Every structure is written in structure tokens, then in C-alpha cells.
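Here is a short briefing on charge pairs, nonpolar cores and one backbone angle. The structure comes first, the notes after.

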Amino acid sequence: MAKELYSAREAAQALGISLDTLRRWDRDGRIRTRRDKANRRVVTAREIARVRGGDETQHMSARNRLRGTVREVKVDGLLAQVEIVVTEPARLVAIITRDAVEELGLKPGSPATAVVKSTSVMVES
């Protein structure tokens with residue numbers, strides 16, 4: 001049975017953000033939190049799903065999804081290197097097939113999500 005309420009730390013981990021970012025988002029009204037009996041922030045499972053943007057549209061099963069913008073695509077033979085800027089100043093670089101780049105329509109400036117699973121990084125648009 002899934003949990004309905006998550007601690008601020010658990011919610012931040014589920015969203016792939018720091019606890020400080022979650023607190024800032026709460027102050028800015030970007031995420032809705034509640035307070036428990038000890039006056040600690042808690043976040044509902046529904047609110048986490050809302051902030052994530054709806055997992056029902058995702059086609060791959062993976063826990064870690066890093067949304068960002070494609071900065072650069074380098075194609076060499078059958079392989080392509082895709083650099084995605086995730087959160088300033090972090091960035092993620094994936095090596096995928098040329099066919100995947102063409103199928104996903106990846107080019108600098110296009111939105112993309114890096115899906116991290118085990119030691120592999122997959123890209124979806």
C-alpha cells in the first residue's frame with residue numbers, strides 16, 4: 001500500500017530536488033505542503049504527482065527522471081552524444097544511437113528528460 005503523506009525529505013528525494021529547494025518552493029507557492037503535529041512539513045502523494053507533471057504519460061519505468069534542455073547533439077557514425085542541461089550548473093551527457101536522436105527529434109534547445117536507471121542513461125522527449 002502506497003503512502004499518502006511524505007516527510008519533506010522524502011518528498012524532495014521523490015522530486016529529485018534538495019530539501020532546501022523544497023522549502024523554497026513551499027515559500028514561493030510552487031508546492032503545497034501541510035504541517036504535522038510536530039509542525040514539520042509533509043507533502044501528499046497527490047501533490048508530489050502534480051509537481052512531477054503526471055507520471056501517466058511516461059513510457060519507461062525508472063525512478064530517476066531529470067528534466068532539462070538539450071544543449072548539444074554530436075553524431076558520429078551509429079552513435080550520438082546528447083548533452084542535457086538539467087539544473088544549473090549541473091548537466092548530463094548520454095551516449096545514444098543516431099536512430100534514437102532522429103526518432104526523438106533531439107536538437108539544441110529542445111526539451112528532454114534524462115532517465116537514469118542502473119548504470120545506463122536513456123533519453124526521452
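Asp36 is partly exposed, with a relative accessible area of 25% (buried means under 20%, exposed over 50%, partly exposed in between; 1.4 Å probe, protein chains only). This is a predicted model: local features need pLDDT of at least 70, side-chain atom pairs count only at pLDDT 80 or more, and totals for chains, interfaces and linings use all residues. Residues are numbered from 1 along each chain as its sequence is written, and side-chain values use heavy atoms, without hydrogens and water.

**Salt bridges**
- Asp36 and Arg40 form a salt bridge at 3.0 Å, N to O (a side-chain nitrogen of Lys or Arg within 4 Å of a carboxyl oxygen of Asp or Glu).
- Arg40 is exposed at 52%.
- The whole structure has 9 salt bridges.
- Asp26 pairs with Arg41, with the closest N and O atoms 2.6 Å apart.
- Asp26 lies in helix H2 and Arg41 in strand S3, so this pair ties together parts 15 residues apart in sequence (helices, H or I, at least four residues, and strands, E, at least two, are DSSP runs numbered from the N terminus).
- Both Asp26 and Arg41 are buried.
- Arg32, Glu47 and Arg50 are linked in a salt-bridge network.

**Nonpolar cores**
- The largest nonpolar core has 12 residues, including Val70, Ile84 and Ala112 (buried Ala, Val, Leu, Ile, Met, Phe, Trp, Tyr and Cys joined through side-chain atoms within 4.5 Å).
- Strands S5, S6 and S7 each supply at least two residues of this core.
- A second, separate core of 11 residues includes Leu15 and Ile48.

**Backbone**
- Asn39 is not a glycine, yet has a positive phi of about 65°.
- Asn39 sits in the loop between strands S2 and S3.
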